Amino acid sequence: MGIITAISTWLIPCFLLLVLAAATWKKVPTYEIFVEGGKEGVKMAFSLLPFLVGMIVSISILRSSGALEAFTNLITPFLVFIGIPPEIIPLALVRPISGTAALGMTTELIDSNGPDSFIGRLASTMQGSTDTTLYILTVYFGAVGIKKMGYALKVGLLADLIGILASIIVVTIIFG
Amino acid sequence: MVNIIWAGMAIIGIIYAMFNGTMDQVNKAVFESASEAVTLSIGLISVLVFWLGIMKVAEEAGILRVLTKLLRPAVSRLFPEIPKDHPAMGYILSNFTANIFGLGNAATPMGIKAMEQMKQLSKSDTASRSMITFLALNTSSLTLIPTMVISIRMQYNSVSPTEIVGTTIIATLISSISAILLDRFFYYKSIWRK
């Protein structure tokens, strides 16, 4: 555990050290190049803004109306029938749609069930092993102005489904 | 498809609110989430500026090229459309590396640069095969060390905050391999249709 936390905290500073040392060695005008690259970041963040506003507003309409919850309740009996713990279902459904909502749910599940409970471990694994598909597609395609996503959404959502089922199976086998 | 999903979520939400009596919440959510999205984008500025600046320095110093050379054999088969020494490869690899260590903040700017390079290759506003493969891997999550989850578990006094690293790695591998297979399946299916 110590090693893993150490790696995560040391990685970025060491990477910065490597980049800056190598660049200085090669006589790259570091500061000027940094500023030049950084300018792109400002443009990028602003071009992303409308994509994010659009997507986030639409998702929050669905959530705040209670429709998402109703849908969850509707399919819960079916999911329980195939062996999925009912506590985890809202998280599984929200994970691909909204990153902040999923993180909130994971925290809540860990809080109410305890981090070392079956549900706590399952929520942790699920949170870590899938990503917010809709957000990723919005940001990446939005940033470079791709209008037709092709089969990207299908692949992303199906992979999420497999990731969620895999989490349940793996956690059941290992911590059962 | 994204148009239908986007409009669909809002339409279903609003119609549902009519019958559920939650129009108040919906009304509030529209304005609150819009400003939340702006805050999020503004928050992204710091990360994007910093990492794009550093990555530009890394590029000038030749570090991206070295990274690409080292890891290319593993990744080039996934992206047959990208020429071997193309800068897109360097950014894809930096994005993957950052993702593996759970550094989502650093991964996003590099991923966007990778997308820009891939767009220059395809010269169209339709998603290219490489873009979809790249995003399929990103959405399935490549995180081997979920730093965020570990820190939440620490906050709630877990006896062993990192015990879920093992299960996360296995689940991530399964979902990433499935993403690659699904990506290939839909790609060949789309060719067949033509």
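In which hand do H2(A) and H7(A) cross? Before I come to that, please keep in mind that this is a predicted model, in which local features need pLDDT of at least 70 and side-chain atom pairs count only at pLDDT 80 or more, while totals for chains, interfaces and linings use all residues. Residues are numbered from 1 along each chain as its sequence is written, chains are lettered from A in the order in which they are written, and side-chain values use heavy atoms, with hydrogens and water left out.

The crossing of H2(A) and H7(A) is right-handed, meaning that the near helix is turned clockwise from the far one by less than a right angle. Here H2(A) covers residues 30-64 and H7(A) residues 133-144, helices being DSSP runs of H or I with at least four residues, numbered from the N terminus. Their axes lie 9 Å apart at an angle of about 155 degrees, where axes are lines fitted to C-alpha atoms over the stretch in contact and angles run from 0 to 180 degrees between N-to-C directions. The pair is therefore roughly antiparallel, a label for angles over 145 degrees.

Let me turn to a pair that joins the two chains. H8(A), residues 152-175, and H8(B), residues 164-193, have axes that come within 8 Å and cross at roughly 150 degrees, so these helices too are roughly antiparallel to each other, and H8(A) passes H8(B) in a right-handed crossing. On the H8(A) side the meeting residues include Leu158(A), Ile162(A) and Val170(A), and on the H8(B) side they include Ile174(B), Leu182(B) and Phe186(B).

Next, the core. The largest nonpolar core has 91 residues, such a core being a set of buried Ala, Val, Leu, Ile, Met, Phe, Trp, Tyr and Cys residues joined through side-chain atoms within 4.5 Å, with buried meaning under 20% relative accessible area, exposed over 50% and partly exposed in between, for a 1.4 Å probe and protein chains only. Its largest share, eleven residues, comes from helix H2 (residues 23-60) of chain B. Met118(B) is among the residues with the most contacts inside this core, and, leaving aside neighbours within four places in sequence, Met118(B) touches Ile82(B), Ala88(B), Ile92(B), Ser130(B), Met131(B) and Phe134(B).

Finally, Leu20(A), in helix H1 of chain A, counts as partly exposed because its relative accessibility is 37%.

Conventions:
Helices (H or I, at least four residues) and strands (E, at least two) are DSSP runs, numbered from the N terminus. Contact means heavy atoms within 4.5 Å. Angles under 35 degrees count as roughly parallel, over 145 as roughly antiparallel, 65 to 115 as roughly perpendicular and the rest as oblique.
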